[in-house]
Amino acid sequence: MNELLKQAYAQATATNYLYTRHRDRWEYLLNSYAGGEEYKKGGYLYRYELESEKDYARRLAQTPLDNQVRGVISLYNSFLFRTTPERDLTNIENDPRVIDILEDADLDGRNINQFMRDVAVWSQVFGMVWVGISKPNSQATTLADELAQNVRPYFSILSPLNVTDWSWDRLPNGSYELSMIKYLEEINDTMSVVKTWTRDVITTTMINNKDRRAEEVFDEPNELGKLPFVLVYAERSPVRGIGLSVVEDIADQQKMAFNESSEIWESIRLDTHPSLVATADTDIGTGAGSLIRMPDNLPADMKPYLLQFTGAPVASIYQSINERKKMIDGMANIGSARGTETTNMSGTALEVEWQLLNARLSLLADGLELAEEQIWQWVCLYLGVEWSGTIKYPDSFSVRDTEKQLQQLITAHSVVEDVTAKAAIEQSILELLEVTVNS
């Protein structure tokens, strides 16, 4: 028995090389999005030479984080979910289990829109995220029994940090099918729960974290015969199972700005509180305007003096941080959306910036649309019906500068003399203001 538990522990804790290779970077991206205490615990503030642990902890606590990663993702999702996705569920629309899924997708109170918004967030952070579609094994034999027991499919979000191993099989038709997935279902200080799915068996391993050994192992049949997991990409990489984070480079710029913010505090502190150089027997008071008592026989060249700070001016550090923010706006194509570049860019440049943002958002929306359709296909497989519905996310995210367009139309109306042209401009103004005129 002990030997079997040792083997179970080794199997449950083994990871594949892709997970090992990307784990640290995924943790960095997670902390960059989370910010706050988690970011500071990550140790992304560079240490000074010979800096003590106490001084580093003080400097870390006093350094604020301007969370650009969260800001960019929040802006993207404000566009993506400004319009509710259209769901035509056809033959399963009135199924009470499907209605329950729409209202509570994860058995934790999140409706389908809130759930997909979270999927969008984490796929953008990591580049991809897993969605598991599960249904508890039950002895219910009728739909009424399932409804009475609240047995129905539900969804779970699994971050790449939790999915430690996976593999695909190449099918005869050339497509790939997931053949094994292992993920950390639950973890606390003492115990971890690891689940491993194959086409035949679902294995649950209870691990004692303190003793690093498996305590219990449960096997249950995989009645579906397949692995109901969907890999949602933000952007695909050449490697199957690995996505490209939309904030990868933005997180690095954020880290540099975080370190420069620390330099601002240190520069101000040293500039306003310069160091005093004095002999050991000089009596130096504390606080502003305090007295300094020097020995009577102190030579003139040994008198106390201020050590002037000659570091970079604070203004230059602020300028560097602002330049990094402009770089972030350029990387994310959000300069025009944030309004930070509207005064420095021509009308054509602004239009191009909006088009680039629109293209990026359309790519993200297409990925979510594909993923949700695959999720509903798994739901239908659990329900024993064939999926025939459609999911539609917005295709265009263009935003008009109404005030600017209105001013242009008013200017054109004032210089045009042709009656027909004036009428056309007036109609455009009314359409822009969304005013309906009866013909």
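Is Leu 50 buried or exposed? Leu 50 is exposed, because its relative accessible area is 87%, and the cut-offs are under 20% for buried, over 50% for exposed and in between for partly exposed (1.4 Å probe, protein chains only). You will find Leu 50 in the loop between H3 and helix H4 (53-61). Its phi is near 65°, a positive value in a residue other than glycine. Leu 107 sits in the loop between helix H6 (96-103) and H7, and with a relative accessible area of 40% it counts as partly exposed.

Before we go on, please keep in mind that this is a predicted model, in which local features need pLDDT of at least 70 and side-chain atom pairs count only at pLDDT 80 or more, while totals for chains, interfaces and linings use all residues. Residues are numbered from 1 along each chain as its sequence is written, and side-chain values use heavy atoms, with hydrogens and water left out.

Now for the overall picture. Of the 439 residues in the protein, 38% are buried. Among contacts between residues at least 6 apart in sequence, 62% join residues at least 24 apart, where contact means heavy atoms within 4.5 Å.

Let us look at one sheet. Strands of a sheet pair through backbone hydrogen bonds, either parallel or antiparallel. Here 3 strands form an open sheet in the order E3-E2-E9, with antiparallel pairing. Strand E3 (154-158) and strand E9 (229-233) stand at the edges with a single partner strand each, so one side of each has no neighbour in the sheet. On average, neighbouring strands of this sheet are turned by 25° against each other, direction ignored. Strand E2 (residues 128-134) pairs with E9 over 5 bridges; two strands count as paired if DSSP finds at least two bridges between them. Met 128, for instance, has Tyr 233 in E9 as its bridge partner. Helix H7 (residues 112-126) lies across E2, E3 and E9 and runs at about 145° to E2. Such angles run from 0 to 180 degrees between N-to-C directions, using lines fitted to C-alpha atoms, for helices over the stretch in contact.

Next, visit Thr 203 in strand E7 (residues 201-208). Thr 203 counts as buried because its relative accessibility is 19%. Its side chain makes a polar contact (2.8 Å) with the side chain of Asp 219. A polar contact is a pair of N or O atoms within 3.5 Å; within protein, one must be able to donate a hydrogen and the other to accept it, and residues adjacent in sequence count only if both atoms are side-chain atoms. Leaving out residues up to four places away in sequence, Thr 203 touches several residues, among them Val 194, Thr 196 and Phe 218.

Finally, turn to helix H14 (residues 419-432). At its start, a side-chain oxygen of Asp 418 reaches to within 3.1 Å of the backbone nitrogen of Thr 420. In H14, Ile 425, Ile 429 and Leu 432 are buried. They cover an arc of only 65° around the axis, so they lie on the same side of H14; the arc is that of the directions from the helix axis to the C-beta atoms. Val 419, Thr 420 and Glu 431 are exposed on the other side of H14.

Conventions:
Helices (H or I, at least four residues) and strands (E, at least two) are DSSP runs, numbered from the N terminus.
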